[in-house]
Amino acid sequence: GRPGAGKSAVLSSILRNMGSKGYRSMIISLEMSAEQLAERMISDTIFDFPCTNVAYSDLRTGNFHENMFQYVQDAARMNEELPIHIEEQPGLTMSQIATRARRMKRSKEGLDLLAIDHLDLVKPSGRYQGNKVYELGEITAAGKALAKELKIPVVLLCQLNRAVETREDKRPMLADLRSSGSIEQDADAVIFLYRPSYYLENSKPKDDTPEHLKWVEDCADAKNKLFAIIAKQRMGPTGPVELFCDIASNAVRDLGDNR
């Protein structure tokens, strides 16, 4: 997805849901620190508490009422108990990532899912230095091989190029995958994230115009909507799936689960 589409929010919800069921995961967080990721997960957890929520940006600044502090502590304690290992060392190669994953897989607890955030921050090995297409191909092929070797899903987040911004229809498609066809070739599933309100927020017309009235209606209709567009799936159907998303709280839910 494009920046701001909700990739980190979806990944956070996946990790928390798996952890609550006892599955152990590792996230290679090359973009965010463990502290930043934890803040997003705390905000996501608080969203499920009755009649309250705290945006993750407010957690960073401390801009929330002192009465909410107990909720923050409770959410942090709940997440601390989840079997999620965060690896935040920057500049890792796929070989180094594979070593860490194998070590965790062989441990007593085991490993059920590996997530990498994100593709463009994985350090190439140097074999194809200067050739971006081959470098990306090496990374995606290594991810595919590691998933097969460890018999676990490997989730590889990826940012799309700006081509989607130039079209009237902003919904991503396979042609938008950045720099290399290897992503489409190696992945068992390709899921694009599309959040209509992201684009509407940046295209506000002048007030008191017919266009503004239409924009207000569109914003109301798009509120908290996130589409997971399954563009490729080797073992199943493709197509869009509509989800609920409160982006400020980093919360993504099935439509029937939101408040």
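This is a predicted model: local features need pLDDT of at least 70, side-chain atom pairs count only at pLDDT 80 or more; totals for chains, interfaces and linings use all residues.

Colleague: Is helix 2 mostly covered or mostly open?

Modeller: Mostly covered: 10 of its 13 residues are buried, that is, under 20% relative accessible area. Among them are Leu37, Met41, Ile42 and Ile46, but also Glu39, Arg40 and Asp44.

Colleague: And what covers the buried residues of helix 2?

Modeller: The cover includes helix 1 (7-20), helix 3 (56-61) and helix 4 (69-80), along with strand 1 (25-29), strand 2 (84-87) and strand 8 (251-253).

Colleague: Now for a pair. At roughly what angle do the axes of helix 5 and helix 6 cross?

Modeller: Angles under 35 degrees count as roughly parallel. The axes of helix 5 (residues 94-106) and helix 6 (residues 132-150) cross at roughly 10° and come within 10 Å, so the two helices are roughly parallel to each other. Their crossing is right-handed.

Colleague: Which residues meet there?

Modeller: From helix 5, Met94, Ala98, Ala101, Arg102 and Lys105 meet Ile139, Ala142, Gly143, Leu146, Glu149 and Leu150 of helix 6. The residues of this contact divide into 7 nonpolar, 1 polar and 3 charged. As for the spacing, an α-helix has 3.6 residues a turn, so residues three or four places apart point the same way.

Notes. Residues are numbered from 1 along each chain as its sequence is written. Side-chain values use heavy atoms; hydrogens and water are left out. Axes are lines fitted to C-alpha atoms, for helices over the stretch in contact, and angles run from 0 to 180 degrees between N-to-C directions. Helices (H or I, at least four residues) and strands (E, at least two) are DSSP runs, numbered from the N terminus. Angles under 35 degrees count as roughly parallel, over 145 as roughly antiparallel, 65 to 115 as roughly perpendicular and the rest as oblique. A crossing is left-handed if the near helix is turned anticlockwise from the far one by less than a right angle, and right-handed if clockwise. Contact means heavy atoms within 4.5 Å. Ala, Val, Leu, Ile, Met, Phe, Trp, Tyr, Cys and Pro count as nonpolar, Asp, Glu, Lys and Arg as charged, and the others, Gly among them, as polar. Buried means under 20% relative accessible area, exposed over 50%, partly exposed in between (1.4 Å probe, protein chains only).
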